[in-house]
Structures are given as structure tokens and as C-alpha cells.
Amino acid sequence: MTVRLRAHHLLCMLTYVGKGYTPDFCANYDLIAARLTRGEDILLVTGPDDVCAPLLSTEDPHCHNESVLERDAEAAASIAALLDAPVQPGFRLSLDAMTLTRFRAAFAAGTTRTACGGCEWSGLCDSVAGGGFQGTRLAGG
């Protein structure tokens, strides 16, 4: 199977520690982290993805907002620079231990964090990255 992710969720998953918008959101994200830990690949998509799914039935989900689309574009650009590859919808990625370690090192150094500006979770992510990614649900790094 394949996990469908929008570009900025390629960054969010690096620091996910079980906190999120709702209990359903967290339960879903836990399942996604487990699937990725087991080696499922990632398909980059435009707009709402597998992480967004529990929020889509709420009133006015932010998943469609222009600011989120801009965050996706910024994340895709920084990940493309990191990987030296075109990161766009349809891009596929496997998160083996080496790739995950590379992503987390770039995140901790701030080189892939331009998309994180203004995000309400940025402080939590700073703390998780500063703590060596302890307690994250995505294993392998």
C-alpha cells in the first residue's frame, strides 16, 4: 500500500509525537506513522491527503486554505533541494532509515523549515527536533 501525503506533511511527520487537532486525527496519524515505519512508500499529492482525512468532515477544514497550499509549495521546494530531485505531485519516496535520518538532520538544522513559518505547531516541532526526535511515532531514524 501507499501513504498519500501532501508536501508539508513530509515535514510534519518527522516530529509527530501523538499530538494533534482531535483524538480522531491523532489515531489516524498513529496508523499512518505505523504504516510508514513498516516500510510503505509515500505518494506526494496535491491538497488533502491521508493525514487530513479525519478533518475533512469538520466544518470549514483548513486543509483547503490557500495558506496550506503555499506551505505545501514551500515544503516541496525545500525537500527538492535536499533530495536534488523534482518533488511534485506524483513523486514517490520510501523512508528508509538513511532517508529519514537525512530528513531529520535537515529539519533540525532548519534547512527544510521555511514552510513551517506561522504554523501553530512550530514550537512543538522545535522542541521535538531539539530533543533529538525522542518520542516520535515514526521510527527508523
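Reader: How accessible is Tyr21, as a relative percentage?
Author: Tyr21 counts as partly exposed. That class lies between buried, under 20% relative accessible area, and exposed, over 50% (1.4 Å probe, protein chains only). The relative accessibility of Tyr21 is 33%.

Reader: What pLDDT must side-chain atom pairs have to count?
Author: Residues are numbered from 1 along each chain as its sequence is written, and side-chain values use heavy atoms, with hydrogens and water left out. The model is predicted: totals for chains, interfaces and linings use all residues, local features need pLDDT of at least 70, and side-chain atom pairs count only at pLDDT 80 or more.

Reader: How many aromatic pairs does the structure hold?
Author: Rings of Phe, Tyr and Trp (its six-membered ring) pair if their centres lie within 6.5 Å. Planes under 30 degrees apart count as stacked, over 60 as edge-to-face and the rest as tilted. The number of aromatic pairs is 5.

Reader: What is the angle between the planes of Tyr16 and Tyr29?
Author: Tyr16 and Tyr29 are stacked, 4.0 Å centre to centre. Tyr16 sits in the loop between α1 and α2, Tyr29 in helix α2, 13 residues apart. Tyr16 is buried at 4% relative accessibility, and Tyr29 at 5%. Their planes make an angle of 5 degrees.

Reader: How far apart in sequence are the parts that Tyr21 and Trp121 tie together?
Author: Tyr21 and Trp121 pair edge-to-face, 5.4 Å centre to centre and 85 degrees between the planes. Trp121 is partly exposed, with a relative accessible area of 22%. Tyr21 lies in the loop between α1 and α2 and Trp121 in the loop between α4 (97–109) and α5, so the parts tied together are apart in sequence by 100 residues.

Reader: Which residues of α2 are buried?
Author: Helices (H or I, at least four residues) and strands (E, at least two) are DSSP runs, numbered from the N terminus. An α-helix has 3.6 residues a turn, so residues three or four places apart point the same way. The buried residues are Phe25, Cys26, Asn28, Tyr29, Ile32, Ala33, Arg35 and Leu36.

Reader: How far apart are the end C-alpha atoms of α2?
Author: The expected span of a helix is 1.5 Å times one less than its number of residues. For the 15 residues of α2 that gives 21 Å. The model agrees, with its end C-alpha atoms apart by 21 Å.

Reader: What N to O distance do Arg6 and Asp72 show?
Author: A salt bridge needs a side-chain nitrogen of Lys or Arg within 4 Å of a carboxyl oxygen of Asp or Glu. Arg6 and Asp72 form one, linking the loop between β1 (2–5) and α1 (7–12) to helix α3 (residues 66–83). Arg6 is buried at 0%, and Asp72 at 9%. The N to O distance is 2.7 Å.

Reader: Which residue forms a salt bridge with Asp30?
Author: The closest N and O atoms of this pair are 2.6 Å apart. Asp30 lies in helix α2 (residues 23–37) and its partner in the segment after α5 (122–130), so parts 107 residues apart are tied together. Asp30 is partly exposed at 29%. The partner is Arg137.
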